[in-house]
Amino acid sequence: MIKKHLNEVNSTNTYAKEHIKNIKDKTVIYTSHQTGGRGRFNRVWVDLGDENLFLSFVLKPSKDLKPVYSNLTQYTALKLAETFKEYSINPQIKWPNDILINGKKISGILAESVMSEGKLKGLIIGVGLNLNAKEEDFSQIDKIVTALNLEIKKSVDKNVFLNKFCKNFFDGYDNFLEHGFISIKSEYESYANFIGKEVTIKNFSTTIKGIAEKITDNGAIIVEGQEFLTGDII
Ligand code: BTN
């Protein structure tokens, strides 16, 4: 694993995309200051100040896309949940990859891939982490959001968190690529609080409301008999 720190950047994902040729496999690009952080569905990801983390894993597992890569965000969510658990709290995964603490979002994942002439140049898994914030920081954010320090009632050392998370991520990464979602399914389910509950699920073409019945062996969610491989519980 290679770690690269940036003092400030528009977005670690954008930086990784622009420099993909010169970035080695298994590199972590990280910063505490993003001026143009991007979220899913064209949302913005807000900079909460110096004691927070934005990072992108740059991965170059092969030249061709494989189905297992689409589950990497779920793998990342699991490793995040395991890392948060080390702080004696009870994280939950909202399908596919948001982490909630007491029902409030604490981190987000944005995965992107870079293709050129039909070949995969790299996968970029961007993670935004709310580690240290003040309650009032969240007045500008419309979602219900929290930060780790507010949940554990003490400040969090961002470097300690970064090291724990990167270790957890890379310790299981090769095995995950080889064996796929099924190899983490039961651990993922142990954090998934939405199974059996009513959810509203949205992807690019539909929004439906119904009971989340189960997670399939390839990480899709079944809601009212309909299988969703992509989308979000909203
Ligand atoms: C979401 O909408 O929940 C995903 C948020 C992802 C934010 C991270 S911060 C690091 C990386 N760089 C970005 O611009 N976005 C991702």
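Seven strands line up in an open sheet, ordered 1-2-3-7-6-5-4 with mixed pairing; two strands count as paired if DSSP finds at least two bridges between them. Strands here are DSSP runs (E, at least two residues) and helices are too (H or I, at least four), numbered from the N terminus. At the edges sit strand 1 and strand 4 (91-94), each pairing on one side only. From one strand to the next, the twist averages 20°, with axes taken as lines fitted to C-alpha atoms, for helices over the stretch in contact, and angles running from 0 to 180 degrees between N-to-C directions.

This is a predicted model, so local features need pLDDT of at least 70 and side-chain atom pairs count only at pLDDT 80 or more, while totals for chains, interfaces and linings use all residues. Residues are numbered from 1 along each chain as its sequence is written, and side-chain values use heavy atoms, with hydrogens and water left out.

Valine 28, for one, has phenylalanine 57 in strand 3 as its bridge partner. Helix 4 (residues 158-179) packs on this sheet, touching strand 1, strand 2, strand 3 and strand 7, and its direction makes about 25° with that of strand 3. Contact here means heavy atoms within 4.5 Å. Helix 2 (residues 72-85) lies across strand 3, strand 4, strand 5 (98-101), strand 6 (104-116) and strand 7 (119-129), running at about 145° to strand 6.

Now for the ligand. Of the 19 residues around the ligand, Ser11, Gln34, Arg38, Arg40 and Lys105 come nearest, where near means that a heavy atom of the residue lies within 4 Å. Strand 6 supplies the largest share of the shell, four residues, and helix 1, strand 3, strand 6 and strand 7 each give at least two. Polar contacts are pairs of N or O atoms within 3.5 Å; within protein, one must be able to donate a hydrogen and the other to accept it, and residues adjacent in sequence count only if both atoms are side-chain atoms. A ligand nitrogen is 2.6 Å from a polar backbone atom of arginine 38, and a ligand oxygen is 2.7 Å from a polar backbone atom of arginine 40. At lysine 105, an N or O atom in the side chain is 2.6 Å from an oxygen atom of the ligand. The protein covers 99% of the 420 Å² of accessible area that the ligand has on its own (Shrake-Rupley method, 1.4 Å probe; for residues, only the protein chains shown count as cover).

Serine 11 sits in the loop between strand 1 (2-5) and helix 1 (12-18). Serine 11 is buried, at 2% relative accessible area; buried means under 20%, exposed over 50%, and partly exposed in between (1.4 Å probe, protein chains only). Its side chain reaches the backbone nitrogen of asparagine 13 at 3.2 Å. Leaving aside neighbours within four places in sequence, serine 11 touches Gln34, Gly36, Gly37 and Arg38.

Isoleucine 109, in strand 6, is also buried, at 4% relative accessibility. Beyond four places in sequence, its contacts include Arg40, Thr73, Ala77 and Ile125.
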